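User: I would like to go through a structure with you. May I send it over and ask some questions?
Analyst: Please do.

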Amino acid sequence: MATINQDEAYMKVALGLAQRGLGLVAPNPAVGCVIVNGGVVVGRGFTQEGGRPHAETEALKQAGGRARGATAYVTLEPCSHTGVTGPCAQALIDAGIARVVAAIGDPDDRVAGLGFAMLRQAGVEVEIGVCEREATLINRGFLHRVSLGRPTFTLKIASSVDGKIALENGDSQWITGSVARAYGHLLRARHDAILVGIGTVLADDPMLDCRLPGLEDRSPQRVVLDSKLSMPLDSRLVATARQVPTLVLSETSDGGKINALRSAGVTVEILPTLSDVSVVANKLAGQGITRVLVEGGGRVHASFLRAGIVDRLLHFIGPKLLGGESIPMVGDLGLASLDEAPHLTCTSLRRLGTDILASYEKPE
């Protein structure tokens with residue numbers, strides 16, 4: 001029998017494996033699994049691209065016969081339903097796993113405790129709750145989509161010390177340095193979608209892709225909030241829409257413009273409103289998106305903060321001062337008192353080259 005400290009140590013290995021699937025497995029959760037027999041790790045696995053095979057299947061394949069009598073550490077409750085493949089809970093039983101240590105349960109109605117029940121009925125010892133918080137944070141997007149009907153939203157802002165994201169004339173390259181920008185590209189690789197407003201597209205003509213060496217194929221879907229359908233047909237987003245999925249959400253049903261964008265490979269969806277970003281959130285969740293990186297601009301940042309659906313804020317602070325005439329990192333929040341101000345909890349501060357990254361979480 002492993003000690004509590006050993007259980008945590010093995011679960012942390014499983015959590016590290018789970019993170020490898022972030023940005024690749026939606027709408028499925030990113031799960032890690034480690035199989036240990038006699039104090040030796042005999043199998044490792046994580047959810048593969050597209051959501052299949054599952055982590056348990058991968059780990060069991062690696063473990064082979066050494067899985068019999070072993071302990072499986074899994075970051076999420078093993079599934080109990082038959083989809084493309086059979087239930088992972090049954091696969092663990094068939095392999096002779098003696099003990100399953102899980103971080104958290106799966107709220108999906110098709111599982112929701114049934115995986116644990118299946119294991120226990122087969123005589124497998126089950127323990128739940130090891131590294132629960134860490135596993136919840138990794139799969140917060142999946143959990144939110146199932147329980148709240150929306151993805152998790154991370155607000156990524158790069159600003160000067162005085163909270164400005166660009167000069168009055170729109171010049172914003174570069175407020176932060178190369179190390180911070182590289183980290184920003186890593187964040188893109190770990191999300192299902194990047195979201196910006198049309199103002200950012202018109203001002204910067206961005207690519208919104210991942211350009212880290214070795215991760216160029218990890219560029220997530222690009223989402224543009226464009227209420228008046230102002231997306232330029234000669235923009236870089238449109239030009240590369242067949243290589244990187246690009247979604248434009250609009251309130252305007254301009255048939256000619258829609259057809260032109262769709263002919264270029266852009267997906268266009270018309271929503272009743274973009275002012276209420278909860279409508280946008282529900283739309284994205286319906287498309288299987290679990291993790292969204294919101295990259296601006298200031299009015300878009302404000303709309304998500306006003307709606308109360310910013311789960312995480314990553315503030316990259318460059319060592320510059322741009323002055324009061326420059327563009328603020330957050331637009332009008334319509335506050336009448338300080339009590340109405342969005343409140344976030346600072347969880348870490350780290351140095352990235354010459355810049356600082358301040359990380360904040362939405363209070364639970």
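**Salt bridges and buried residues**

User: How many salt bridges does a search of the whole structure find?
Analyst: The search finds 11 salt bridges across the whole structure. Please keep in mind that this is a predicted model.

User: Let's take one with R99. Which side chain does R99 meet in a salt bridge?
Analyst: R99 meets the side chain of D7, with an N to O distance of 2.7 Å.

User: Where do R99 and D7 lie, and what does the pair tie together?
Analyst: R99 lies in strand β4 (residues 99-102) and D7 lies in helix α1 (residues 4-18), so the pair ties together parts that are 92 residues apart in sequence.

User: Are R99 and D7 buried or exposed?
Analyst: Both R99 and D7 are buried.

User: What about E361? Which residue does E361 form a salt bridge with?
Analyst: E361 forms a salt bridge with R140, and their closest N and O atoms are 2.9 Å apart. E361 belongs to strand β16 (residues 355-361) and R140 to helix α6 (residues 140-148), so this pair ties together parts that are 221 residues apart in sequence.

User: Why does E361 count as buried?
Analyst: E361 counts as buried because its relative accessibility is 11%, and the cut-off for buried is under 20%. R140 also counts as buried, at 16% relative accessibility.

User: And D311, which side chain does that one meet?
Analyst: The side chain of D311 meets that of R150 in a salt bridge, at 2.9 Å from N to O. This pair links distant parts of the chain, 161 residues apart. D311 sits in the loop between α12 (298-307) and β13 (312-318), while R150 sits in the loop between α6 and β6 (152-160).

User: What are the relative accessible areas of D311 and R150?
Analyst: D311 is buried, with a relative accessible area of 3%. R150 is buried as well, with a relative accessible area of 8%.

User: Which residues do salt bridges that share partners join into one network?
Analyst: The network consists of D7, R99, E125 and E127.

User: Changing topic: how many disulfides does the structure hold?
Analyst: The structure holds 0 disulfides.

User: Then let me ask about the cysteines. Is C210 buried or exposed?
Analyst: C210 counts as buried, because its relative accessibility is 2%.

User: And what is the relative accessible area of C346?
Analyst: C346 has a relative accessible area of 40%, so it is partly exposed.

Notes
Residues numbered from 1 in each chain as written. Predicted model: local features only at pLDDT ≥ 70, side-chain atom pairs only at ≥ 80, totals over all residues. Heavy atoms only, no water. Disulfide = S-S within 2.5 Å. Buried < 20%, exposed > 50% of the residue type's maximum accessible area, 1.4 Å probe, protein only. Salt bridge = Lys/Arg side-chain N within 4 Å of Asp/Glu carboxyl O. Helix = DSSP H or I, 4+ residues; strand = E, 2+ residues; numbered from the N terminus.
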